Amino acid sequence: MPRPTAAQLAYGSCTVIFSTLAMLLLSQTSSGAGIAVISVAALALGLLVAMTVPLPGKRPAAVEQPAPQEPLRASVPVPAPAPAPEPVRERAAS
């Protein structure tokens, strides 16, 4: 398992500290259970932020594609002509 980088530690720690302060100030809780819930939520958020920081040196290799030899031309199919309508035949009145 790779060790966390300095950037991961910094981002995770700052997230925990600032999110804990923000949630405590916004919720205005003073009970022990409320503070515990906020602390656990802040730790989970800090862990999530620390794990999503990209690791250095793990970039996908660029795939080199050869240039096409001829320019590509788009072809549009030509629709078949519609059949000519037949003349209307009138019936003789009987």
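Biologist: Hi! Which residues of H2 are buried?

Modeller: In H2 the buried ones are Gly34, Ile38, Ala42, Gly46 and Ala50. Bear in mind that this is a predicted model.

Biologist: Noted. How are those buried residues arranged when you look down the axis of H2?

Modeller: They fall within an arc of 130 degrees seen down that axis, so they line one face of the helix.

Biologist: And what do they pack against?

Modeller: The buried residues of H2 pack against H1.

Biologist: Which residues are exposed on the other side of H2?

Modeller: Ala33, Val37, Val40, Leu43, Leu47, Leu48, Met51 and Thr52 are exposed there.

Biologist: Let me pick Val40 from that list. How exposed is Val40?

Modeller: Val40 has a relative accessible area of 56%. The cut-off for exposed is over 50%, so Val40 counts as exposed.

Biologist: Stepping back a bit, how many helices and strands does the protein chain have?

Modeller: There are 2 helices and 0 strands in the protein chain.

Biologist: And what share of the protein chain counts as buried?

Modeller: Of its 94 residues, 12% count as buried. The protein chain exposes about 9,000 Å², and carbon and sulfur atoms supply 66% of that area.

Biologist: Back to geometry. What span should H2 have, and what does the model give?

Modeller: H2 covers residues 32–52, which is 21 residues. At 1.5 Å a residue they should span 30 Å, and the end C-alpha atoms are 30 Å apart, which agrees.

Biologist: How does H1 do on the same test?

Modeller: H1 has 22 residues and reaches 31 Å from its first C-alpha to its last, close to the 32 Å expected at 1.5 Å a residue.

Biologist: Which residues of H1 are buried, and how are they arranged?

Modeller: Gln8, Gly12, Thr15, Ser19 and Thr20 are the buried residues of H1. Seen down the axis of H1, they fall within an arc of 120 degrees, so they line one face of the helix.

Biologist: What covers them?

Modeller: The cover over the buried residues of H1 includes H2. On the other side of H1, Ala6, Phe18 and Leu25 are exposed.

Biologist: Which residues is Thr15 in contact with, leaving aside its neighbours within four places in sequence?

Modeller: Thr15 is in contact with Thr20, Leu45, Gly46 and Val49.

Biologist: Gly46 again! Is Gly46 buried or exposed?

Modeller: Gly46, which lies in helix H2, is buried, with a relative accessible area of 3%. Leaving aside neighbours within four places in sequence, Gly46 is in contact with Gly12, Thr15 and Val16.

Biologist: What about the distance from Gly46 to Ile17?

Modeller: Those two are 8.6 Å apart in space, C-alpha to C-alpha, and 29 residues apart in sequence.

Biologist: Now the surface. Which residues make the nonpolar surface patch?

Modeller: Ile17, Phe18 and Leu21 make a nonpolar patch of about 330 Å². Phe18 is exposed, with a relative accessible area of 57%, whereas Leu21 is partly exposed at 48%.

Biologist: Where does Leu21 sit?

Modeller: Leu21 lies in helix H1, which runs over residues 6–27.

Biologist: How far is Phe18 from Ala42?

Modeller: Phe18 and Ala42 are 8.6 Å apart in space, C-alpha to C-alpha, and 24 residues apart in sequence.

Biologist: Last topic, backbone angles. What is the phi of Gln28?

Modeller: Gln28 has a positive phi of about 55 degrees although it is not a glycine.

Biologist: Where is Gln28, and is Gln28 buried or exposed?

Modeller: Gln28 is in the loop between H1 and H2, just after H1. Gln28 is exposed, with a relative accessible area of 68%.

Notes
Residues numbered from 1 in each chain as written. Predicted model: local features only at pLDDT ≥ 70, side-chain atom pairs only at ≥ 80, totals over all residues. Heavy atoms only, no water. Patch = residues over 30% accessible without salt bridge, like charges linked within 9 Å, V, L, I, M, F, W, Y side chains within 5 Å. Areas by Shrake-Rupley, 256 points an atom, 1.4 Å probe, with all protein chains shown as cover. Salt bridge = Lys/Arg side-chain N within 4 Å of Asp/Glu carboxyl O. Helix = DSSP H or I, 4+ residues; strand = E, 2+ residues; numbered from the N terminus. Buried < 20%, exposed > 50% of the residue type's maximum accessible area, 1.4 Å probe, protein only. Expected span 1.5 Å × (residues − 1). Arc of directions from axis to C-beta. Contact = heavy atoms within 4.5 Å.
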